[in-house]
Amino acid sequence: MRTLELDTPASEARPDATGEPAPSVGSIASRVGRGTLSGPGITPVVVPLLESGDEQYARWRVTNVLPQKQFGYVIAVATVPLGDLTSNQMRVVGELARAYGDGSVRVTSDQDLVLRWVNACDVRQLYQRLAAAGLGLAEAGTVADVTSCPGAESCRLAVTQSRGLGRLLEAHLRERPDLIEGADGARIKISGCPNGCGQHHIATIGFQGSVRRVGARAVPQYFVLVGGGIGGSGATFGRLAAKIPGRRIPEAVERLVDFYTRERTPGESAPEFFARVELARVRPVLTDLERLTEDEAVPADFVDLGEAQEFAPEVLDGECSA
């Protein structure tokens, strides 16, 4: 068997400074606010923030900044909901990487952006400019940093509009700081089909798009998996706990977080808890959310999240769009 050999250096030297000046907060906000976004499906919502407060910065500093091995430098993460950026935002990120970092931008598996070699003294200035570009959201690496594949919006194999669920969950969680705080270390990932491009199978709480019939009509639903993750010894796949209609998923997340906070052992993180807890204890938490009869269904149950028309799943010939 052949293996990939990586010849990595023992240490990394500080890169040469690019010397490029950083664009002003006002010019960034003006640039990203220009034009009208168009196109099918869900488009980015750009909200430039010109006056960022101390509390917002402090939270972003906790969740989006990590110390680098080299003294005096940090890694800064720009949270990108659903991985969506406009062309103007991308240009600004490039300029900020050259002004404050080493000129490179890395994309994470959580659909966020990473800037390295940021001088610790420049962190607040960088944050102010990211916020002006509409990229100053905190909660990177928390349960509110939801990952989703393209879903039925563009993928020919997907069953559900996974990005619609991703947007709904992220908005719901950001309105509930108590859930973010309670879901210690938990990650949510969504895929629109079994192919798993959203990596739902290795998430603390994963959702896989599916369909059920209620009478003669189709209802978008999600398989709920718990206990997936990645550790030093490899990956652990999540276990199927329930099959729940799409519009009930936010409540399912609330219940799972509450279940964890009530049943965990001292010092136990959410990934550790869901990896060990027996499914026989998880399933009763979600059982009543699974049931949906013709008498109980409301019109919204038959419309996929992020869509306006009645759900009509259609799997076409072609390849996954991820």
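The following dialogue explains how to read several features of this predicted model.

Reader: Which residues have the most contacts inside the largest nonpolar core?

Author: In soluble globular proteins, nonpolar side chains tend to be buried together. A nonpolar core is a set of buried Ala, Val, Leu, Ile, Met, Phe, Trp, Tyr and Cys residues joined through side-chain atoms within 4.5 Å. Buried means under 20% relative accessible area, exposed over 50%, and partly exposed in between, with a 1.4 Å probe and protein chains only. Here the largest core has 37 residues, and L169, I188, F207, I249, F274 and L286 have the most contacts inside it. Helix α7 (residues 249–263) supplies the largest share of this core, seven residues; helices (H or I, at least four residues) and strands (E, at least two) are DSSP runs numbered from the N terminus. Apart from this core lies another, of 28 residues, V25, A29, V80 and V118 among them.

Reader: How many bridges join strands β7 and β8?

Author: Two strands pair if DSSP finds at least two bridges between them. Strand β7 (residues 205–214) pairs with β8 in the antiparallel sense over 10 bridges, and G209 stands opposite Y222 in β8. The two strands form a hairpin with two residues between them, and G215 in the turn has a positive phi of about 70°.

Reader: Which other strand pairs with β8?

Author: Strand β11 (residues 239–245) pairs with β8 in the antiparallel sense over six bridges; the partner of F223 in β11 is K243. As for β8 itself (residues 217–226), nine of its 10 residues are buried.

Reader: How many disulfides are there?

Author: A disulfide is a pair of cysteine sulfur atoms within 2.5 Å. By this rule the count is zero. C149 is in no disulfide, and the nearest cysteine sulfur, that of C197, is 6.2 Å away.

Reader: Why does C149 count as buried, and why does C121 count as exposed?

Author: The classes rest on relative accessibility. C149 counts as buried because its relative accessibility is 10%, whereas C121 counts as exposed because its value is 67%.

Key:
Residues are numbered from 1 along each chain as its sequence is written. This is a predicted model: local features need pLDDT of at least 70, side-chain atom pairs count only at pLDDT 80 or more; totals for chains, interfaces and linings use all residues. Side-chain values use heavy atoms; hydrogens and water are left out.
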